[in-house]
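Here's a quick look at how two chains meet in a multi-chain model. Have the viewer open as you read.

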Amino acid sequence: MSNIRINIKNFFIRVFNIPFAFLMHAIDIIMWPIQKIIGVRNMPYIFLLPNLIFFGLFVIVPLGVNVAFSVTGGDELLFADREFSGAKHYNYLFDCENYLNANSCTEDFFWRGVHNTIFFVIFQVGLMIFFSLLTAVILNKKIIGRGFFRSVFFFPVLLSPVVVGLIWQWILLKNGILNAFIEANGGDKFSFLTDPGWAMTSSIFVSIWAHMGFYTLIVLAGLQAIPPNLYEAAEMDGTSRERTFFRITLPLLMPNLLVVFILASIKGVQTFDEIYVLTGGGPGTSTSLIVQYIFTTGFASSGSVQNFGLAAAASMVLGIVLLLLTLIQLYLSRSRENKHQEI
Amino acid sequence: MIKYFFKAVSVTAITISLTLVSAVSFAATDVRIMWYGDGDKENVPIQGQIDAFNAANSDINVILDIVPYDAIMNTLPIQLAAGEGPDIARVTDLGGLNKYYADITPHVANPQYYEDSFGPFLKWYRKAGDTSSIHGFHSTMTVTGPYVNKTLFEQAGVDLLGPGATWAEWADAANAVASKLDIPIPMAWDRSGHRVSGPAVSMGAQYFDASGDPKLVDDGLKAMTQMLYDWHQNGTMSKDLWGSVSGTKYHAPNDWWNAAEVVFMMSGSWQIGRFANEVGDDFDWWAVPAPCGPAACTGMPGGNALLAFTANDAVGRVMDYLSSKEQLGAFIGEVLAIPGHLDLPVDYQTDDPNAKHALETFAGAVPTIDQVAFDLQAHVDNRIMFNAIISRLGQAIVGEMSLEEAWVKMDEDVEKQLKEKYGG
Amino acid sequence: MGNTASLVKNIVTQKKYKEKYHWTDYFSYFYLFLGVFLMFGPIIWLGLSSVKTLAGIQEYPPTILPLSQIQVEVDGYEKPLSLYNVTLEDGSTTELAEIKRVGITSKMVDPKDTEQTYKIPIDKREKIREFSVQWDNYLDPLRKYNFLLYFKNSIFVTVIATIITLIINSMAAYALSIYEFRGKNIALVFVIGTLLIPLTIILVPVFYVIANFGMINSLWGVILPGAATPTGVFLLRQYMLTLPRELIEAARMDHASEWAIYWRIVLPLSIPAIAVLAIFSIMWRWNDFLWPLIVLSKSEVYTLQIALNAFHGELTSQWNYVLAMTMVTLLPIALIFTYLQKFITTGIASTGMK
């Protein structure tokens, strides 16, 4: 770094320090007497307190409220105006002749959301792992401008979902640049966003585009943690590159890949923002995912009844599914660790 | 110890002085208006009127929140449910929010003025059984109806149809023009159940049963939705428009229309100002009389109203100002809308022959609006019916269910939501 | 010994010494360039489109560069007229300016010879265009739609939220890493458990809680719920576990209060991890969409993302404004990216995202 940059950096640090130090001293006024009273041994509880208050208020209490919402009915928000309805909402949600055919269900929008989300997550996570792995392997090689290429793939991760949705909607429009390119090369225009099949494909593609970089970096970290002497040994033995990859790299990478799988699935099930901006859930309901259902039922019902209870019930179902997903995957990673220990 | 007290005192002193410096004084009463407008054409004039009012009345501070239409439909009800919300809002779901409206009769200067000027519309805001409250006034009245791109008709050499033409005939004409000139979209409708309802009534839909309860799917509605479905399958209407959003989301094809890629557009009188502004000179946009069905040749009345959620003197004064003949007249004249006022002289600020013709056409359509359409507009739960129509029809069009299934689901949707709202 | 090792390493990590390049190398470079095109391309296209005129944006097929029609001053006409390339009846082409379009014919005039007016059918004329950048696309919304205010709101939320997040998360991480106390494991499980409960599940109830505190339509209603992030606590704790305990013990001997130890010793040492959390927090908060969408409806408290989405839906017939404001929204992130890319890419690896 040049001298000027160091000077600027130091200047900023000093300027930042003033209010920071002020704030710290201010809090110390409260802390010091507290410490005198309760002693050093009990200080951790104080440090933990603000975080716990926030968690309690904004996570635990709402969880309880959610349960309460899901067992009461009516379109009012305040509990005073709601009436107890027991398992009515849950019965509603699960009232289906045939779980595989959304149209046969009472609350068919919910089941469409479920089917779409399952389809979406399977393909999005699967493809994302594949591409993250491929990209990480390539980025791990000695290539010119490696640092630059690494940040390139990470760039879309920094964009907000609204921006991601807008940019791609703009590109994939019937009269957008992609169709212009296709037509210029003799093809016919595609309805990337308004044909049910294509809309889902576009959604999966855009979602991968926006998140791949993050997982690539995680896999890359895992690749770099593999000791190079393993490769040296393989080279000495004359092993081909392909065998090296499948017999050495991949098995050692498994823990990282599992982390990616868990994170990506959990995030994938919760996808809403970018798809909502990209397609609005359309055409019809072909890209409506489950969080969109919760959002529309409880909040954005365009003048129809705002059914907070139903939305809460649906979100409880979603929560349980996520919990199961996580537990299954934790079990998988535990059993994998055990397997390794056996070796 | 001393160090501690010194620190405590100095920090407290600095904090207090900082807080005082950033404190804002509230000398004036705030009146908050949540407003949506059809583009600059409406937002600029209203902002001007508010600014003038604030300048002339230093004890009231009117804040105009210009929000998208979506916010009025979705966020406003939630806020009101949570006890928040603006003092006044420009509302289209007139009946749906009526449990929140405040009666401002004791706070306005002359309640009789409201009765005389807005009489028939006032009851659209009142709860069942209430015959006297004044909740606000009609900002603009709207009528739904079609426009055509007259320039394209001329280029194709196809004549415009006159009054009495049916929907089928108009569809044929639009298709003829489109195929001659290679226009991608012969016919486009706003994606809204409200828009479908006028033509549905023309085809014989009754919307209510004999005792006045909502009964959505009948032969008339079936006929209209069948037509819309068929048009989407045979290319008269493009799946790209209604297909680009889902559920009950509103979508207007203005960007396609502005680019002259639509021959026939079913929308309403609120577009006049917007077209004048955005289309300008590019082509001739021409309002045509409502196409006919076996029962009527009607559109849907509508409009929006400025309604009060808080009842106090400040709100009353703002309402009086905005509803006065002078201000409302000036506003209507600027935005090129139809007034919801029984006796309002308006000087339309336009030379555009298209705009003038459109205003005449729509104003002339008001007396021909069918009674069923009026009753539908006045009904508290009409949104539920409109949403059911458009979300299920949309699904049928993209192939997620058959039209017959969609009809069943429409009735089920209405029934479910009414049950949730009223219990039992 | 070191020389041999590095020699071997060179041989292994570079291309096989037998051939110059392996097919995987060609494929790698191809893939990387494709990646750059795919990752950056959309942004560049967005940028180029954002300075076009509305007509330029709506036309099909679109042009790469921003073009707009040339306007000329013509004697005898007060407003500048648009210039076209016109095919006359005899087949020759000439440049004419349009006075007015009536129906399907256009009344045009020759700018060089203002006596001559022509009646030309509109399909015989073609616009003449030149490269021109429409900065108004950026300026108009800033003037008319208050985007500056939304920008300010976003900055306020991002900065305050990040500060709060850093403080309370580092406090919690400090407690969970440096100390041993009763209930520590329970607290740890508690924190990790909340990782499993994403906002989307408790959307309605958190709204209810916020409503009860009267924080609807307040920026604080947006800031507070997400301030305690389990990921943040985790990240910082992992790092703090690696700090040497002797420093802390020595400070205690010197009668330093626990709070002083925290902010004078532990915090400065944890700066790499704090930096990563800060970057992530800024990114999350700046881009936050779903929660503010629900909480904020008074337009003066809109954040940039909400405003962008709202006007996108509203002004689909004014794509030029939408695109320009999208660029504005992503600019701060892009700046952070360029200056701090090293931090981000190495930071994630070093703190070991487990």
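What follows covers the interface of chain A and chain C, then the domains of chain C.

This is a predicted model, so local features need pLDDT of at least 70 and side-chain atom pairs count only at pLDDT 80 or more, while totals for chains, interfaces and linings use all residues. Residues are numbered from 1 along each chain as its sequence is written, chains are lettered from A in the order in which they are written, and side-chain values use heavy atoms, with hydrogens and water left out.

Chain A puts 104 residues into the contact, and chain C puts in 104 residues too (contact means heavy atoms within 4.5 Å). Together they bury about 9700 Å², 81% of it on carbon and sulfur atoms; that is accessible area (1.4 Å probe) lost on putting the two parts together, summed over both. On the chain A side, Phe47(A), Phe58(A) and Trp170(A) lose the most area to chain C, together 9% of what that side buries.

How many salt bridges link chain A and chain C? The count is one, taking a side-chain nitrogen of Lys or Arg within 4 Å of a carboxyl oxygen of Asp or Glu. It pairs Lys141(A) with Asp25(C), with 3.3 Å between the closest N and O atoms.

| Domain of chain C | Residues |
|---|---|
| domain 1 | 22-67 |
| domain 2 | 71-127 |
| domain 3 | 138-351 |

The C-alpha centres of domain 2 and domain 3 of chain C sit 58 Å apart.

Conventions
Domain bounds come from an automatic or database domain assignment.
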